[in-house]
Amino acid sequence: MFPGPTLEVNNGDTLVVNVVNQIKYNITIHWHGVRQMRTAWADGPEFVTQCPVKPGSSYTYKFTIEGQEGTLWWHAHSTWLRATVYGAILIYPKEGSSYPFPKPRRETPILLGEWWDANPIDVLRESIRTGGAPNISDAYTINGQPGDLYNCSSKETAIIPIDAGETNLLRVINAALNQPLFFTIANHPFTVVGADASYVKPFTTTVIMLGPGQTTDVLIAGNQIPSRYYIAATAYQSAQNAAFDNSTATAILEYKAAPCPAKKQSNPIMPILPAFNDTAAVTAFSASFRSLKEVNIPKEIDEDLFVTVGLGLNDCPPGPNGTRFTSSMNNVSFVLPQTTSLLQAYQTDTPGVFTTDFPDRPPVRFDYTGNVDRSLWQPIQGTKVYRLEYGSRVQVVLQDTSIVTAENHPIHLHGYDFYILAEGFGNFDPDVDTGKFNLVDPPLRNTAAVPAGGWAVIRFVADNPGMWIMHCHLDVHISWGLAMAFLVEDGNEVMQTLEAPPLDLPVC
């Protein structure tokens, strides 16, 4: 199947998923956004919480959905297999509960993807060989189909039905490998009601933007002339002078009551699409998110991290052009182990796999979004994690840099949701920008789109023991090392400790 099967569950359900590897590559599956309380062994990132599932082998993931409702998704977390191995997770309210809005007549998952007319593993390998950026994708997809605007347009273009007078809940997921995407429907504004399996104060917009990894739940009303309307997804590109796939995927919103001639017309109504570099639209959209209710945000901070995120150039080993693209957090380019996972190494006290000295500040202060001296473009390599005591209150300032180019980075934290207190452009200034924090109803997310040439501030409580990677969800960047990991220690109570590893945990 492409996309893969949709998992439909209720808040509070326990899932048992047996993953059988029938391909020629090692693979793991990550349940993106699931909190995995005490079940880090089921989180899935390769060489972080488990060794990969080898060809011909299997592994059973078991975990419980706790306090989450809305839309999440699952995907491969090994090299670039995520390009074609992914699916939706729809989390309904507990039995007897309901949505905080009138129940829609229909619900439809919308998975946005990115397609190469090549084996994505080969695309990655060629990039590693040359040290350059990988080839851009050949198409975007909506529910596995590119749509009518490509030469390969087919009768299989995704059709989303709607009836006159009904309300549809669209559960939109950006499963693209490397590209933030705009999403819109002709003549049908959205009422945004959720994101990353958390409800938000409803707001209306005509266009949404999702970084890879993010989900957004929107309501649409069947209040237009019964006909056919294009659904469209196209690139938001924030990195200057970087090549990107500047094409548009389409699906069709089709009224069931539309007359037959309208259903057969070759040109459904096309929406107005933003410019590919419309950062102003992205900023306004991002600023609209608020939690549905006032939240209990930790006011005091135990751990205060300032983390630069961005690109670099690696002089050693040199690529054919003298350097290789790389990326880092706080000047550390993350290197995954290859003989065990970080969590297994921690549990078994295996030495030499990682160190706990990830810096809480960049080693050198500089004008992060200005003209950065070339002496600061070369990061060090390391497998460094940051240790957190159970229950500690953590704040992280995520600061983009202009090294090579500034870019919007979707930063995803495994095992946690976090509150986004504020976002802005330029260099974060605690004396000025702390006053902009929303400590009343900030949105709860698992992936933050850090503005290009700007910053975002997130806050969470370290209440889930385990080894949790935080990385850019542009897979080209994680393959270059834009990641780190938090080691959250056990607490003192049984329900504050990591469960024992399952007996069928894969071995390297």
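A disulfide is a pair of cysteine sulfur atoms within 2.5 Å. The views below show a predicted model, in which local features need pLDDT of at least 70, side-chain atom pairs count only at pLDDT 80 or more, and totals for chains, interfaces and linings use all residues. Residues are numbered from 1 along each chain as its sequence is written, and side-chain values use heavy atoms, with hydrogens and water left out.

**View 1. The disulfide of C51 and C508.** The structure holds one disulfide. The sulfur atoms of C51 and C508 lie 2.0 Å apart. The pair links distant parts of the chain, 457 residues apart: C51 is in the loop between strand 3 (29–32) and strand 4 (58–64), and C508 is in the segment after strand 30. Helices (H or I, at least four residues) and strands (E, at least two) are DSSP runs, numbered from the N terminus. The torsion about the S-S bond of C51 and C508 is about -90°, so this disulfide is left-handed.

View 2. Buried means under 20% relative accessible area, exposed over 50%, and partly exposed in between (1.4 Å probe, protein chains only). C51 counts as buried because its relative accessibility is 2%. C508 has a relative accessible area of 39%, so C508 is partly exposed. C472 is buried, at 0%.

**View 3. The largest nonpolar core.** A nonpolar core is a set of buried Ala, Val, Leu, Ile, Met, Phe, Trp, Tyr and Cys residues joined through side-chain atoms within 4.5 Å. The largest one has 79 residues, of which W31, V396 and F486 touch the most other members. Strand 30 (residues 483–488) gives the largest share of this core, six residues. Apart from it lies another core, of 43 residues, among them A139, Y150, A258 and F285.

**View 4. The largest pocket.** A pocket is an open set of points on a 1 Å grid over the protein atoms alone, where a 1.4 Å probe fits, with protein on both sides within 12 Å along at least five of seven lines; lining residues have an atom within 4 Å of a point. The largest pocket holds about 1,100 Å³ of space. It is lined by 40 residues, and I128, L336, I478, S479 and W480 are the closest to its centre. Helix 1 supplies the largest share of the lining, five residues. Elements that each supply at least two residues include helix 1 (120–130), strand 29 (466–472) and helix 6 (475–479).

Note on methods:
Grid points are joined across faces, edges and corners, and a volume is the space filled by probe spheres set on the points.
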